[in-house]
Amino acid sequence: MVYDWFNRSASPQDPQDPQPEQAAEPPAQDEAPVAPTPAAAEPSDIDQDALDWARQAYARLKAQQEAQKQEAAAAAAEPQPEPTPPAETTPVSTPDPVQAVQTPEPATGLSLLEQAAAQRAQRQQEQLDRAIETPPAPVEPTPAATDEAAPSLGDFDEDFTWSAEVLAAQGRQLSDISLEEIDWLGRLRRGMEKTRQGFVTQLLDTLGDDPLTPEVLDDLESLLLRADVGVQATDQVLEALRKRLNEEVVEPEEGIRFLKDQLKGLLDHPIKASGTALLAPERGRLNVWLMVGVNGVGKTTTLGKLANLAIRSGYSCLIAAADTFRAAAVQQVQVWGERSGVTVVSNPSANADPAAVVYDAIGAAQAKGTDLVLVDTAGRLQTKHNLMEELTKVRRIVDKLAPDAEVQSLLVLDASQGQNGLKQAMAFAQAAGLTGVVLTKLDGSSRGGVALAVSSEAGLPIRFIGAGEGIRDLRPFNSFEFVEALLAK
């Protein structure tokens with residue numbers, strides 16, 4: 001079943017799947033799958049209603065997984081029909097279709113400029129020929145896209161109950177949740193562990209059991225700054241807390257809830273200002289996403305994960321390997337393309353023109369009716385004028401060849417770089433016409449608060465976050481889930 005992560009909705013339920021109303025029934029107390037150990041059954045930070053909802057969700061997913069296993073076993077047991085031997089036919093010599101349409105070599109009598117134009121036309125025709133011969137990407141994930149094991153239902157543990165609680169708090173129905181979401185929320189919570197250990201533990205110690213005081217807010221200010229939340233975001237949060245403190249007595253639990261609301265508001269502001277709540281490829285038109293950023297932030301890896309996410313969500317995708325300056329960058333992109341079953345358009349020659357690669361990729365995507373083109377660009381800094389000019393040239397090519405395409409310019413930031421990452425965002429926002437940010441390496445950093453600095457000071461919406469090294473460890477950004485993972489106990 002395809003799960004559309006760009007719209008957070010599953011495809012219509014298979015008739016063989018258990019019906020929601022049946023699966024939602026609370027399990028009997030003696031059922032092993034949902035009768036966890038006493039230590040895990042009654043988490044202290046989850047109330048009874050949320051725990052009952054989690055139990056019902058676990059029962060439904062367990063029944064659905066068992067039904068899928070039975071269906072797969074029945075399909076494997078069906079006898080395969082004997083192959084029919086082909087009828088004898090007289091072989092007919094046919095010309096190679098690629099050779100038949102290949103553009104002839106440039107005439108020797110042409111000028112150098114005319115020969116260059118003819119060679120460009122020939123190369124473009126070859127790209128189009130290969131694109132037309134390649135079948136469109138299937139809606140269902142290809143075998144290459146499943147090189148990482150699909151999520152499976154584990155124990156009814158703290159990770160599951162927390163994930164279910166987060167989904168329930170967003171108003172989700174039992175019949176709507178999926179194992180993909182439960183798996184991702186568990187990964188996000190574990191990925192934010194370093195930030196949470198350095199922030200939440202001290203936060204709870206600071207708040208204590210007594211009502212909030214001005215001295216507590218001073219300590220909270222230091223905590224937020226050390227988590228790289230940024231000066232502007234910290235001032236905004238503390239100002240709201242001080243105003244609330246002047247109006248009424250604020251207990252610690254209420255203070256944490258208020259803090260969560262403030263942080264979520266900071267993250268949501270640039271997203272709402274953009275007019276697009278969740279960035280997704282538009283159906284029926286070409287979407288071109290340019291991935292920009294400095295070397296070392298995980299840009300090419302992020303692009304590969306995005307391609308995999310698009311394929312898993314039912315979109316056709318193509319990658320343009322336009323980072324032709326970094327050694328082995330094209331080979332790295334090709335590996336990611338193979339892992340996800342995505343076509344990669346590249347130029348094998350050394351120091352090829354990135355704009356020419358994008359030119360070929362746009363033509364191939366238009367010929368195939370591809371939904372999304374992901375463009376890997378060279379790592380650059382705002383001080384590298386020639387590379388910034390190259391990025392502008394790439395954008396001009398896209399606008400010229402596909403004027404109706406939906407173009408996004410996404411900056412990839414390494415969360416572990418903290419305030420340095422914020423400076424990169426500010427510089428690229430001015431030079432590259434950014435439309436969003438992809439925050440990576442949250443699992444290896446204690447500086448997850450930089451997300452708030454990017455939103456409040458750079459004014460850029462965060463579109464995707466990466467919380468691990470696996471191919472499934474990149475998902476569309478959800479401010480509520482991020483804040484809950486940041487401040488989870």
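First, a word on confidence: pLDDT is the predictor's confidence in each residue, on a scale from 0 to 100. For this protein chain the mean pLDDT is 78, and 75% of the residues reach 70 or more. Where pLDDT is low, the predicted coordinates should not be read in detail.

Some ground rules: this is a predicted model, so local features need pLDDT of at least 70 and side-chain atom pairs count only at pLDDT 80 or more, while totals for chains, interfaces and linings use all residues. Residues are numbered from 1 along each chain as its sequence is written, and side-chain values use heavy atoms, with hydrogens and water left out.

Now to the sheet. Helices (H or I, at least four residues) and strands (E, at least two) are DSSP runs, numbered from the N terminus, and two strands pair if DSSP finds at least two bridges between them. Eight strands form an open sheet with mixed pairing, in the order β5-β4-β6-β3-β7-β8-β9-β10. β5 (343–345) and β10 (474–476) sit at the edges with a single partner strand each, so one side of each has no neighbour in the sheet. At the β10 end, β9 (residues 462–466) pairs with β10 in the antiparallel sense over three bridges, and Ile465 stands opposite Arg475 in β10.

α14 (residues 354–368) touches β3 (287–292), β4, β5 and β6, and its direction makes about 165 degrees with that of β4 (axes are lines fitted to C-alpha atoms, for helices over the stretch in contact, and angles run from 0 to 180 degrees between N-to-C directions).

What about helix against helix? α12 (residues 299–312) and α13 (residues 329–340) pack at about 20 degrees, with axes 9 Å apart. That makes α12 roughly parallel to α13 (under 35 degrees is roughly parallel, over 145 roughly antiparallel, 65 to 115 roughly perpendicular, and the rest oblique). In α12, Thr300, Gly304 and Ile311 are among the residues that meet α13, whose side includes Val333 and Trp336.

Elsewhere, α6 (residues 158–169) and α7 (residues 179–191) cross at roughly 110 degrees, their axes coming within 9 Å. That makes α6 roughly perpendicular to α7.

Definitions and conventions. Contact = heavy atoms within 4.5 Å.
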